Structure formats: structure tokens, C-alpha cells
Amino acid sequence: MQSIDMAHLSLQPLLRPAPLSESSKFSAIFARAVSHWASQTSGTAWSAVMFPPPGYRAVLRKHGLCSAKVAEQLPMHPALSDRLDTALHSNRADASERLWAARLLLFLGFDSEAAVAIRRIPDSASPGVRGWTQQLLDFMERKHGPSTGLPPGRPVAAADVGDGLLTITLALGEIWRDLYRHQDPGRARQGLAGIRAAIAALPDRRPELPDVAFFRAARYEAAVHGRFGDAGKLEGLVAEVRATLAPYAVDAALPASFVPIEGARRALDVATITARENGWRNLALVCAEEAARIDPYCARAKMLLGGAREDLGDGQGALEAYRDSIRYGPLERGYAAAQVRRLPTGVAGLMALTTDTRSVHTSISGASAAPGSPELPVRAPQVEQASRLDEDVRQPLAERFSPFIDLTPPVAEAPLLVHAPLFSHEALVSDDGHWFDSTSSQRAMVPPFRQELAYAYQRAGGPLDLADYRQWVENVDTEPVRILHDLREQARAQELPSLTLSRLARLLCSLGFFDEARSVLPSPPADEGTWELGTSHVECTRFFIDSMTGLGRESDCSARLRRLDSSFCDDERSLRMRLSLHIAAMVAASRVKDDAQIAYWRTRGGEILGRYTRHPEVSGFEATLMTSRFYRAAGFLPFLTGDTDLLKSDMATWLGLARELRGQNTKESILARENLFPALESAARTLSFLGDPDGAEKLMLEIAESVDPLDSKAWLQIGDDRRRRGDVQSALEAYLQSAACELPLARVAWFKAGLCANELGSWNDALDCHFRSLQMWPGGVSPADQIRDIANRHGLRYEAEWISRVSAVGRGQN
């Protein structure tokens, strides 16, 4: 899958072990080492040499990717869990099984649990078991230092081991001490000469055995050549590594080839570092590129590749490599992000590198689940917030959606819709009547958005329930919120004029507080005559609020709309409001497919449009904006009647004007882009109706990639269109792009992505998507049902038990 948190995929075997043949193709080699070792039947089998670094489990826990408990890491494979439990706790387990358990725990990063297993291996074990135990003790000492609390182990004579590879491995431990602890590269070089002879003497019963031994020795040879400053020998060694690796099918990573490939990968790492330290830049790049080819989803390999490219002045190439490092590894993100900031193009270059700018990675930090839901299962990534990179490179929720949190402008790139509260607040506090210009954006957040925001804010550690108006307004201390609070209190005391009440209600509505907005408005007038301008404004606002929340979408609201239209007094200041009402009336009639009503409002609205655009106080920008909006709504008439010529003419008008619209200031520029969104959206729907699905998708992609790339709606619609056409894979990609935008509608995008993944046979991926959806909207019925169905069909006991607990909490949201 693309666009979900690549750290979750690249580390998947660490989080959910599976046989090597089933490992995700997105997994890093050091993570797949878990799957390789889990499949071994003997504790003395050959294994990989790349283990997680110290503290790696803590990093995974910090990022919400796993828990601290061993048992909870293996929910997918009960047999493996049972075998590990027996090896660790049963007196019936033999020494080889305990050794297998210790090595598995080391590959998983559970070093302290591995130490317990090592202590339980008796001195009476076979020489082979004791030899590998000694190797583990050597490794633990190198990893954690001499104070591991583990016994030193009884030395094993090489002749007793009976395994040439183990003998070489133990000898390499001594070379490590000479090279790094005693700082004696000369002695290490002498030891490596003996290793070469031992490799040549290895039996040929396993043809890959000499290669495995060579790759393991090569990483120490590389370091020695670096200590002596011998670039020629290092270059020769790298050529030998590549030639030895050539016969192996790197992409397949079959069990027989995994260990040699993993050994070559580790040797190339050391060669890259050595070459960079000595200033051999071209050689470093050769090594780094080969390592990244072998291990394309490893954050460490990509980080070293980025450094090698940066050394040679390839800023764009470095940017690409650092981007991948950020995506694939939680441990490497901080360093890679810091390197990005050092590059000339910096973060801006990284964001421009891909359309998937919102999900360069999802930064996750073990925040608790939202109220009303038990703790999420360890297999589900705990999405903290809408983050792009790490630390100060990312866009925290409070920076992107600050207009909804404290009524201040966003300080980071954000979807256009976040500006709606700011425009409404400006109109509320301004002395200008704003009768002829825009006082708000034409698109508004969907009603559930406020609750989605509240969940996300609390996951990010926010102290408030943002969905609770009273808690929000009494605890957010910014001047705009204080003004709003004061006006709301005056409204309770009935001390505000009708126009101010109407604009206060619109501000509350734009913030997502629909019930509070409705409560601000006075009771509807009882008389049937012409109302004063403020009263008409209030009733139009009431209708707009009802329309957004569904209350104004009754099967036939034409009588209400005609009453509103007739209520306006003959005042030029009402023209903009009446025109907006006529546009809304055409949209309402289109919902019930009443072409006669659309025709009525189109004729009436056309007259108002002409008067409005000719008024001397209406700017050219506003005249163009409203004309585009009017013809977009008017286009519903030929759409329903099948008058394709008129439909094409209307589309040319609304889309042409929308493309021509240019703002003279920041607000107008935002309004122009914000109008282009629905203009392209309607044009795409029209082209689809006219039999041009490719043209329709091109327009929708323009929205998603250029007009408003942080708005989830466009990608969601692209996914729906692709799925209707039967292109499930492409639909999945679009849904994941939508989900990467996070707010709003990420819960819907993740759910639909899960449906697509399941259709494609990727039930593991489907499960991850549904978990994400449920996290965005705790208590969601549809994703919970999908999780339950997948868990029961595939015998996932842990997930089935967890979803039962979630369902027991209640189904408060759907």
C-alpha cells in the first residue's frame, strides 16, 4: 500500500511477525530478520546479524507502534506465541529452544527478556548451543557494554563447536574487540587474514555458507581498510562484495538467500560509513546505492544514501533519500529531518517532492485514546496529529487548524476551509456593513468536523474538549474568542441588533457549533409581510444553518424559500443576500430533482445577478465571483433536463470565470482558490455526465494537487469515481491520499481504503485501515463491523477480543 505510515510497513515483521515468505515487500531487512528467525526449527541455525539498536522498542512505543509486552507483539500467530511462551517458561523446554527464544527476542528488540532466556540455558548444553550462547553474550556486551548483568559464559573450544560458521563468528567477536575496544587495527588485520583462510576451508554442504562468512568478515575488513587509509583495498573489497552478491535474487529474499543478502547489506553499511569518514565520496555513494538497492525500505540505508549524495553536492538526490528515511524509520526521523533543514531547498523542497506532502510520515507519540473508547490495540498505529515531518519541521494540529481552536490565523499550510471562521469574525467586528462583498467562504466544514477535531486535538495532548462550546469558549484566551464570548453573552441578554445576531450565528456555524449558532437567532417573525433588512438576514442565516445540518433539506422547501425571497424590502443592500438565497434555492431544488423550481429560481436569480453586478459598490472581483457561483448552480437545470448545449455553455461560464478570477489581496486570493474548488468539482461531474471520465478525473486531480492539496474531499471523490469504474487499486491510492490529509473526513477515507484493500485480497492492510478509521471516530459502527468480520474470518483472536471490548463501550458515533 502507498501513503500510509511507511514506518508501520517497513517495520511490520517487528510489529506482527509472519513467515519470511509472507513478509511485506515494504519491510526493511533487519525487520524481516524476525520472520526469518521465527521460521527456524533449531536454536543453533544460522541467522541474520542485524538486530535493533539499543532502546529501539522504547522508540516504537513512543511512536505508538507497539506495546511493551512480548505477548502482545504476536497476536497474528498463536503457534509462534505458544512456542515462545513454552521456551521461556516451561521446564520441559530444552536448551536449543531457549536459545531460539533468546535470539528471537533479540531480533524483536526485547533485550531484557532475551537475557532471562540466556540465563536459563544450562552449562550442560551441547557445544553448539553453548557456542551460540557465547556469541549472544558477546553481542550483548558489544551492544550494551560489559555491565549487562549476564554471566560471562563458559568458553567453548572451536573444535567442540562443530560449526565452521559459528567458529568464524566467535573469532570475529575477538576482531571487534581488537578494532573498537583495544584500538588495535593491526592485530585486527592479522586476525582477518586467518578468517579468510577459515572461510576457504568451510565445507561445501551449504553452497551459501562461504558467502555468509565472507560478508560477515567484510564489514570488519572495511573498517580496517579505513583505519589504514587504504582506499584501493576498500574499493576492491566492495567490488568483491557486489560480485559475491550478484547471483542472489535480492527481490525474492527467499529463506536460502536471506542470510547472505542480509550479511552483504550490513557490510555495505560499514563500507559507506568508512568511505565517508575518509572522504572517499564516490566510493561511499557506490556503497550506499548498493545497500539501498538491497534494502529499499530501510531508513538507515536511505539516511546513509542521503549523506553520500549530499557529500557530492546532489541536493535533490539527498532530499529524496532523507524523505524516505523520514518515512520508514521512527528512530532516524529526527536526524534526517535535521539534515533536510540544512539543505538549500530545505523543507519546502521536501514538500514539493511529492503530491503526498501530508504523509511524508505520520508522527506518532503514545497519546491516549479519546474518551469513550478503550485503549487502541497495539497493532493499530496511534495517529497523534496531522504531522508532516518531525519536531519543528512538522505541522502540528494547533498550527494548521488554529482558526477552529483559538480563532487566530494558521501559521502553517492548511486547507482553504480553515479561513472561514476568520472571514466570519472579520465581518462580525467590522464597522463596514459588508453588504456587497464576501463575509465568509462559500464552503463550510461538514457538521461532524468539530467532533473529529476534538478527538484529534485530545490525541495530540490538547487539554480541552473542543466539541464542547462552553468548555472551549471559557478556556481559550485569545482576543477573538473573548470578543465572541462577550457578544454571545449579550445575545443571551437580547442586547444585540438582528444583523449582529445573524453574523454571530454565522461565525458560530463556521466554527462548527451549529446548535449554538441556531440558539443565537431570535424566533422567526410571525407576520407575512416585508421584513426589515436585519430580520431577512437572520432568516436567511437560519435557512443556511438548517441546510448544512440537514434540517433545511426537507423534500420540498420551496415554500419556505419563496417566503424568504418575498420578505426582502426594496433595499439595494439586500442584493448580495438575495442572490445567495437564489443560488441556495437552485441547489435545494436539485436535491429533489425539481427542474421546474430550478428554472424559476434561475430566472429570478438572473435578474438579481444583473442588478448586483451593475451596482457601483460591487467590485469586479465580487461580480465575477458571484457570476461564477450563480451559473454553477444554474447548471443543474440543463443537467436534469438533458440540454447538453446549455449545460456546456453554463460550464464554460462558471469554470472560465473561476479560472480568470484573481485576488488583489490575501482574502480575495483565498476566495478565488476556494471558488475554483467547487467550480472544478462541478465541471468534473458534468464531464462525467457527458461521457468523459478521463477529463473529469483530470479536473479533480487539479483540485487535489494544485488548488487545495490539504483538503481531503477531492481525493475522497476521486476514489469514489475510480471505484465506481471498477479500478479498485487506483481508488485505494486515492483514498489513502485523502486519509493523509487527516481532517476532515479521514475516518471515511480510511474506511473506504479498507474496503478496497479487502476487495484486493489484502485483509491485513484492510484491517489497518479500519483501525485508523475507528481511531479517528471512536465508536464508529462501520469500521468496527469490518474489523470484527476480518478478525473472525482469519482467526485473529486478539483483534476479535479487542473489538468486542470497543463495541461494549457503546456505538455513540456512526
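This is a short tour of a predicted model, stop by stop. Residues count from 1 along each chain as its sequence is written. Local features need pLDDT of at least 70, side-chain atom pairs pLDDT 80 or more, while totals for chains, interfaces and linings use all residues; side-chain values use heavy atoms, without hydrogens and water.

Select Val49, Phe51, Arg219, Arg266 and Arg300. Of the 41 residues lining the second largest pocket, these are the closest to its centre. A pocket here is an open set of points on a 1 Å grid over the protein atoms alone, where a 1.4 Å probe fits, with protein on both sides within 12 Å along at least five of seven lines; lining residues have an atom within 4 Å of a point. Now show helix α14 (255-277). α14 gives the most to this lining, seven residues. Helices are DSSP runs (H or I, at least four residues), numbered from the N terminus.

**Stop two: Ser325.** Find Ser325 in helix α17 (residues 315-328). Beyond four places in sequence, Ser325 is in contact (heavy atoms within 4.5 Å) with residues including Ala299, Lys302 and Glu332.

**Stop three: the cores.** Select Leu104, Leu172 and Leu234. Of the 93 residues in the largest nonpolar core, they touch the most other members. Such a core is a set of buried Ala, Val, Leu, Ile, Met, Phe, Trp, Tyr and Cys residues joined through side-chain atoms within 4.5 Å. Helix α12 gives the most to this core, 11 residues. End at Leu407 and Leu464, among the 42 residues of a second, separate core.

How values were computed:
Helix = DSSP H or I, 4+ residues; strand = E, 2+ residues; numbered from the N terminus. Buried < 20%, exposed > 50% of the residue type's maximum accessible area, 1.4 Å probe, protein only.
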